[in-house]
Amino acid sequence: MTQSTLVATDVSKTYDGVQALNGVSVELGLGTILGLIGPNGSGKTTFLNCISGVTKPSGGLVRVDDVDTTGAPPYRVARLGVARTFQTVRLFTTLTVQENVEVGLVGTSRSKTGWRTRAGAANRILKEFQLSGLAGRLASTLPYGLQRRVEIARAVASDPRYLLLDEPAAGMNDQESDELLGLLGQVARTKARGLLVIDHDLRLIMRLCDRIHVLNRGETLASGDPASVRADKRVVDAYLGASAGAAPSAPGVADREGAAE
Ligand SMILES: Nc1ncnc2c1ncn2[C@@H]1O[C@H](COP(=O)(O)OP(=O)(O)OP(=O)(O)O)[C@@H](O)[C@H]1O
Ligand SMILES: [Mg+2]
């Protein structure tokens with residue numbers, strides 16, 4: 001029987017002698033939300049890059065619904081129903097909000113059935129993400145928090161089974177982050193998608209996720225439900241104690257996330 005799970009087993013990544021990841025394993029089932037947290041430089045983005053095909057792992061295995069995708073290029077992983085967003089927003093700045101969402105629909109069954117169906121599907125997603133009123137605006141003219149929302153809407157438009165989000169709440173205030181919480185919860189539970197969410201906004205992570213995986217210096221420090229992770233002394237010492245608010249991203253790291261190797 002086919003397993004509907006994204007499974008990473010013992011994933012490692014070394015960059016010129018620097019061990020960015022060492023033996024990290026996670027499982028992401030449909031309809032569940034997994035949080036990935038840890039200090040700056042602990043390997044979160046590298047891990048997401050390894051499972052989305054942006055980076056080739058140095059060791060370990062990645063499987064999407066029983067298909068081995070270890071080291072497969074991003075387009076192949078995407079075809080198996082894995083979508084992602086990046087730590088730095090990557091929108092088509094010369095396109096409108098609606099057009100950005102329509103780009104996400106390209107390649108899905110809805111895009112092949114004519115422009116009426118495509119426009120209808122885009123409108124539904126814009127509505128779901130409370131972006132209908134901004135459909136005609138150039139994406140680049142929106143405030144940062146809304147650009148992030150458009151990016152997530154575009155990823156959802158590709159109709160993924162697994163959605164991987166790298167710091168979706170970065171730059172959002174508490175109200176925007178609360179709205180995001182509602183939207184992501186809806187995406188996971190009502191559409192039975194598996195979500196992996198990296199964020200330093202612990203208020204969001206603790207309320208949103210079913211399980212939380214904590215990385216420190218490229219290794220798994222702890223893994224469990226939000227209450228047990230919050231109470232784990234190792235997690236408090238390595239991360240929560242020092243940065244329980246919103247730790248800023250280390251400068252420069254974001255720029256390297258999708259670097260060609
Ligand atoms: N392309 C690269 N080349 C060399 N080293 C890299 C590369 N990408 C990441 N690293 C290193 O790997 C380690 C993990 O970085 P990564 O960006 O995965 O951390 P992160 O947990 O996402 O951090 P942040 O919270 O700041 O986004 C860091 O030491 C980083 O400097
Ligand atoms: Mg990162």
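This is a predicted model: local features need pLDDT of at least 70, side-chain atom pairs count only at pLDDT 80 or more; totals for chains, interfaces and linings use all residues.
**The magnesium ion**

Begin by selecting the magnesium ion (ligand 2), then display Thr 45 and Gln 87, whose atoms OG1 and OE1 are its protein donors, at 2.0 to 2.2 Å. The two residues are 42 residues apart and link distant parts of the chain. Thr 45 belongs to helix α1 (residues 44-52), while Gln 87 sits in the loop between β6 (82-84) and α3 (97-105). Thr 45 counts as buried because its relative accessibility is 12%, and Gln 87 is buried as well, at 8%.

**Asp 199**

Next, select Asp 199, in the loop that runs between β8 (194-198) and α7 (202-208). This residue is buried but forms no salt bridge; Arg 148, the nearest side chain of opposite charge, is 7.0 Å away. Which backbone nitrogens does the side chain of Asp 199 reach? One belongs to Ala 169, at 2.9 Å; another belongs to Asp 201, also at 2.9 Å.

**The nonpolar cores**

Now select Phe 129, Leu 131, Leu 163, Leu 195, Leu 208, Ile 212 and Val 214, the residues with the most contacts inside the largest nonpolar core, which has 51 residues. Helix α5 (residues 144-157) contributes the most to this core, with 7 residues. Centre the view on Phe 129 to find its contacts with Arg 149, Ile 152, Ala 153, Val 156, Leu 183 and Val 187, its neighbours within four places in sequence being left aside.

Finally, turn to another core, apart from the largest one, with 23 residues; Leu 6, Cys 50, Leu 164 and Leu 215 are among them.

How values were computed
Residues are numbered from 1 along each chain as its sequence is written. Chains are lettered from A and ligands numbered from 1 in the order in which they are written. Side-chain values use heavy atoms; hydrogens and water are left out. Helices (H or I, at least four residues) and strands (E, at least two) are DSSP runs, numbered from the N terminus. Buried means under 20% relative accessible area, exposed over 50%, partly exposed in between (1.4 Å probe, protein chains only). Lys and Arg count as positive and Asp and Glu as negative; His and the chain ends are not counted. A salt bridge is a side-chain nitrogen of Lys or Arg within 4 Å of a carboxyl oxygen of Asp or Glu. A polar contact is a pair of N or O atoms within 3.5 Å; within protein, one must be able to donate a hydrogen and the other to accept it, and residues adjacent in sequence count only if both atoms are side-chain atoms. Donors are N, O and S atoms within 2.8 Å of the metal (3.2 Å for Na, K and Ca); water is not among the atoms, so sites may look incomplete. A nonpolar core is a set of buried Ala, Val, Leu, Ile, Met, Phe, Trp, Tyr and Cys residues joined through side-chain atoms within 4.5 Å. Contact means heavy atoms within 4.5 Å.
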